[in-house]
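Me: I would like to go through this model with you, topic by topic. Please keep the answers plain and give the cut-offs as they come up.

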Amino acid sequence: MQHAMRRWLTLIVLLGMLLSTLPASAGMDGMRPGAAHQAAEDVLYVALIWHQHQPVYAQDAETGIYARPWVRAHAAKDYLDMATILENYPDVHVTFNFTPSLIRQLDDLAAGAKDQYWVLAEVPAEELTPDQKRFILERFFDTNSRVIARFPRYQELAEARSGMGIDAAVESWTAQDFRDLQVLFNLAWTDPDWLAQEPLASLVARGRDYTEEDKAPIFAEHLRIIREVLPYHAELQRQGQIEVTMTPFAHPILPLLVDSNLAGVAMPEAELPTRFVFGQDAVGQVEMGVQLYRDHFGVDPRGMWPAEGSVAQQIVQMVASAGIQWMATDEDVLARSLPDVEDFTRNSADTVQQADALYRPYTVTGGRGGQVAILFRDHLISDKLGFEYSGMSGEAAAADLMQRLNNIQTELAEEGASGPHLVTILLDGENAWENYANDGKDFLNAMYRMFSEADNIQTVTPSEYLALTGEPQPLDELWPGSWITPDYSTWIGEPEENQAWEYLLTTRNALQEALPRLSADRLAEATEAMYFAEGSDWFWYFGADQDSGQDFAFDEMFRSHLRHVYRAISVNPPGFLDVPVIPLAAQLPDRAFTEPPVVTVDGAAGEGEWDSAAYYDLSAAGSGLDGLYYGIDEQRLTLRLDAADGFADGLRLGFYFSASDPAAAMTGYPREGDQLLGFGARRLVEVTFDGGVPAATAYTTGAAADWVAYTGAAETVAAGEGVLELSITLDPLLGKLQGGNSFNMRLLTAQAETAALVPAGGPVLVTLPDTAVPNVVLDVADPEGDDHGPGGYLYPTDVVFRRGAFDATGFVVGSDEDAVIFRVTFRGPVENDWGAPNGMGIHTVDIYIDSDGPANGARLLLPGRNAALPPEYAWDVAVWAEGWTPGIYRPGADGPVQVDGILDILTNAGQRRITIRVPRSVLPEGDPAGWAYAVVVGSQEGYPSSGVWRLRDVETGAQQWRIGGAPSGSINHTRIMDVVFPEEGVQEAMLSDFTPSLTPIDQLGPDDFGQVPVLAAP
């Protein structure tokens, strides 16, 4: 199969990699019997689409062994049984989307390939090396704790490892312990349906004390399942119960291949990489996916889920030309594509209030007249299945889903909408189930049973629905966006993401230059590797917005595909591919930086001189150093090293920096030695000693990424008794920085033939502190200790909710030419326990701006705050600052509507403050000094109640994840913990001035809630 695909790829490339004009598909056999009859007006149709996908995992060049087991694991646990369960529900019709990258790997495994975890599980336990034992201990617990708990011996081993640590387990565990773990990991990654049958049922029943012979039937069963996955789906499609769809070959973000600057439509203020424009690759990726589909299913695909639901008007023609009749994306993309819908809003039951607009397909037309139907998934319901229903019983979750669908039908009737209508539910079909009880069996069976029994709801495949209803109404222009947000911010715009795009462009240009001299085989090999590198999966984990816990592995796989391109075109892979896109994790200081220290560089640390600097204890690092300090302001970086034994002649101290100079090449290597720095370095300041006197020399990287002397730098260095002090002028060496900018720094100590990197675990991340707010128009102090909402709220009991964290003590408003700047200071810590991209882990800060009094705007705050502005005010813009979904909103007829604009949020843990820059372009005209402001602080909640925008609930008593202190008989009490206002007692009086009610929230008005005090400039 691989050779056949490469022949197909060669044909595409040799045709010039131009936009394809292949004729449309002739259709698909095996459609649902009777599909041509008319749709029923009184039926709500539901398209349930399961997206099955895995990235192209790296393979060992010599053995072909895959680095990760997840294709095999999800095949054994998810892919086949999700189809076989439909045997019991013949009236339920669903759609499965298989990505070509997954199909390719299923083929490879079916033909005999293995993954590293499989290979290590087959090693006799008595023969495991210490390194193999360590790998098994680190990685063979990679599943949900709920799954581990189903196997008592597995749970026992997990607790033992946790209790003693990996190092001790390597030494003390018996061969039987390791053998049981080898077996149980693979049983855990097998679906309960297969575990209940022989040959595996007896192994599960025995539970422990496995033999080497017990391993073979497990892998034989895994291989059987893998080989049945695709044929079984093909047969169900022939029978008409399912539709199988596809994604472009390597799961790329198609619009960004066409033109990476399309990201600027939804992200006009984002910094984007050098423009990537290779539409021929986008066409090739689509055509490769179509061909692979034909090879496996014997028919042409009708439908497509573009990778990550990423669409744009610019991809429509290539999709139509490939014969694809429909594709799907997210509701937020539709909202921005429709001229009359600013955003889809929901009532207190989460029901969309523009149901007639959302629950129907549309038609989009390409530049040469090609047409494609497009579906828009219900984002909230899809996320319920993917992320939230796992916390409920299967029956309760399925009943909740059916109620939501009934609510949609009721809303459509109230709108007077004429049917038929289609609700599209689309989500990952593989990653949710380990979070569910019984691997999701209870939920899936309950859901399919309820679908079968419902008279007013009918499941269909998208192609069935389109056959029932005819051509959908046209959509003039398709907004460029994705399923996760109506933009491409997950894959482009952050520094790591942009660096990866630069790597991709450099490599793609090298391939383009090599085309004339490549044989057909080499061209196919290089292009395939290029397509793999263009996949979205690598970019998903670059940047701060997503975290797998193993991002470094995806980084290495991405760069390995790029290296493969260079090898295929007979060019040595350039050195920049040794520089990880994701730097080694920054090492936290033992004492946080608070403010720039005032230092005299004289080699003598004066009393208190370095008290506000960041400090790293190096005494246990084995480097001969005791401590490292740094301080920074807008002009200079100041460093201090302590060494009790002093600094001997011949010692070389190299400070390496990731300066943002695009003219200089990056290197991952220091000036001496072959240790990787863990980030891309462009600048170096090296300190040497002669007679105990230090001298500093600056270096930059040359064209060949080698180190050359740099004469434009300004350094001051002095050494005394065990103390070295070094001051470096930032500009021009490290560039002109502003508050919030950061760079990596690492020290290499070298003496004779030995060298050591400090800190040992990774670099220091130096961040320039937020500077004073310019042109201040409002500066308010808030009383301490009022982080109790209306007066009696209690923090949740989990340790992440540290005392005083929600207690705002100050609020400042200022501005510059580009933005209005808000700063909120807190009494308690501003920590980031949950790894939020902007450092706002548990905090939510809302800022409401009233520029013109009560005549225009809204009084009710954002959904879930359960509070309003007093009658004399109405907000015109709401700034919602939080860790994952910050945004800027204006009032809309059906609720708040997000406007396009990027919040720049900087958290300063040392000074316990959050600074928010809001572009002037999205704010009202006029002087901020004339505006009124309301500022509220809440607790961010990733799994909020219905209708609540990510705020934590308040119950009568505090719980681990719930605030305490709610009045009884109330659902309209506030979720606000603190309001910024200088006068004591006003917050409590106003927030508690409401009548408790159990009336649905969406039936209440501003005066049914507590009010928040408003600030105005003096």
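Me: How many cavities of 30 Å³ or more does a search of the whole structure find?
Reply: The search finds 6 cavities of 30 Å³ or more. On a 1 Å grid over the protein atoms alone, a cavity is a set of points where a 1.4 Å probe fits but cannot get out, and lining residues have an atom within 4 Å of a point. Grid points are joined across faces, edges and corners, and a volume is the space filled by probe spheres set on the points. This is a predicted model: local features need pLDDT of at least 70, side-chain atom pairs count only at pLDDT 80 or more, and totals for chains, interfaces and linings use all residues. Residues are numbered from 1 along each chain as its sequence is written, and side-chain values use heavy atoms, with hydrogens and water left out.

Me: What volume does the largest cavity have, and which residues line it?
Reply: Its volume is about 60 Å³. The lining consists of Arg-346, Asp-350, Thr-351, Val-352, Tyr-359, Asp-378, Leu-380, Ile-381, Arg-404 and Ile-408. By class, the lining has 5 nonpolar, 1 polar and 4 charged residues (Ala, Val, Leu, Ile, Met, Phe, Trp, Tyr, Cys and Pro count as nonpolar, Asp, Glu, Lys and Arg as charged, and the others, Gly among them, as polar).

Me: Which helices each supply at least two residues of that lining?
Reply: α19 (379-388) and α20 (394-415) do. Helices (H or I, at least four residues) and strands (E, at least two) are DSSP runs, numbered from the N terminus.

Me: Asp-350 was in that list. Where is it found, and is it buried or exposed?
Reply: Asp-350 is in the loop between α17 (331-337) and α18 (355-358). It counts as buried because its relative accessibility is 9% (buried means under 20% relative accessible area, exposed over 50%, partly exposed in between, with a 1.4 Å probe and protein chains only). Asp-350 also has a positive phi of about 70 degrees, although it is not a glycine.

Me: And the second largest cavity, what is its volume?
Reply: About 40 Å³. Among its lining residues are Trp-491, Trp-501, Glu-534 and Phe-539, and the lining divides into 6 nonpolar, 2 polar and 1 charged.

Me: On to aromatics. How many aromatic pairs are there?
Reply: There are 51 aromatic pairs, where rings of Phe, Tyr and Trp (its six-membered ring) pair if their centres lie within 6.5 Å; planes under 30 degrees apart count as stacked, over 60 as edge-to-face and the rest as tilted. Trp-610 and Tyr-629 form a tilted pair, because their ring centres are 5.9 Å apart and their planes are at 55 degrees. Trp-610 lies in the loop between α26 (551-568) and β11 (614-617) and Tyr-629 in strand β12 (residues 627-632), so the pair ties together parts 19 residues apart in sequence.

Me: Are those two buried or exposed?
Reply: Trp-610 is buried, at 2% relative accessible area, and Tyr-629 is buried at 11%.

Me: Which residue lies over the face of Tyr-629?
Reply: Arg-640 does, at 4.0 Å from the ring centre. A charge sits over a ring if NZ of Lys or CZ of Arg is within 6 Å of the ring centre and within 35 degrees of the ring normal.

Me: Lastly, where are cis peptide bonds found?
Reply: One joins Glu-198 and Pro-199, with omega about 20 degrees. Another joins Gly-419 and Pro-420, with omega about 0 degrees.

Notes. 1 Å grid on protein atoms, 1.4 Å probe; cavity = no way out; pocket = protein on both sides within 12 Å on 5 of 7 lines; lining within 4 Å.
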